[in-house]
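Here is a short tour for anyone who likes to know how the numbers were defined. Please have the viewer open as you read.

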Amino acid sequence: MTDRQLIKLLKKDPERGLGTVLELYGGAIKTICGNILSGCAREDVEEAAADALAAIWKAADRFQADRGTSFKSYCYGITRKKALSRRKKLLVRGALVPLQEELLFEENDPSAKIEQEEEERILHETVGELEEPERSVFILRYFFFFKVKEIAERLELTDKKVENCLYRGKEKLRTALIRKGITR
């Protein structure tokens, strides 16, 4: 099913559309929520995944295929934000230690949000330009929050090779992002 067909289905028949999203991306959505909310109650992980699905349905008509991102990546980004939002709520209740990413921008500042979205687009584009296995290692570690050992097993690499890929990938990414105008 193409991205356009899936978006059309979400608009026309939300129940079937969300069922298809779950079928296609449900495992990854649960993994992202579980990794970001590791150590949290199972109910919090499930609630974050449900919030993500609702947000995907609501945001489907705002997806812009011409920006170079797949709908799958768009769904994963929404999921990531929902899981981080859930983590922030738990943090306010004093149950968790903050992730550094949560402190990057103030949600009430529209210009900061627009700037962050542009930086995220450039980051995704730049990560996509990394060569294998660095790209896969980087995505599994920093987008899906897999542990080094899990990445090594999944990609059939040694732990040391994964660590080296992360180090080299970060250096290449830093250089490329500076070249593209992102200096943080």
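Predicted model: local features only at pLDDT ≥ 70, side-chain atom pairs only at ≥ 80, totals over all residues.

## Burial and basis

Buried residues (under 20% relative accessible area with a 1.4 Å probe, counting protein chains only) make up 35% of the 184 residues in the chain. Residues are numbered from 1 along each chain as its sequence is written, and side-chain values use heavy atoms, leaving out hydrogens and water.

The chain exposes about 11,700 Å², by the Shrake-Rupley method with a 1.4 Å probe. Carbon and sulfur atoms supply 51% of that area.

## Helices and contacts

The chain has eight helices (DSSP runs of H or I, at least four residues) and zero strands (E, at least two). Contacts here mean heavy atoms within 4.5 Å. Of those between residues at least 6 apart in sequence, 55% join residues at least 24 apart.

## Where α6 meets α7

Helix α6 spans residues 134-142 and helix α7 residues 148-155; their axes (lines fitted to C-alpha atoms over the stretch in contact, with angles from 0 to 180 degrees between N-to-C directions) come within 10 Å and cross at roughly 140°.

On the α6 side, S136, V137, L140 and R141 take part, meeting I151, R154 and L155 of α7. By class, this contact has four nonpolar, one polar and two charged residues.

Terms used: Buried < 20%, exposed > 50% of the residue type's maximum accessible area, 1.4 Å probe, protein only. Nonpolar A, V, L, I, M, F, W, Y, C, P; charged D, E, K, R; others polar.
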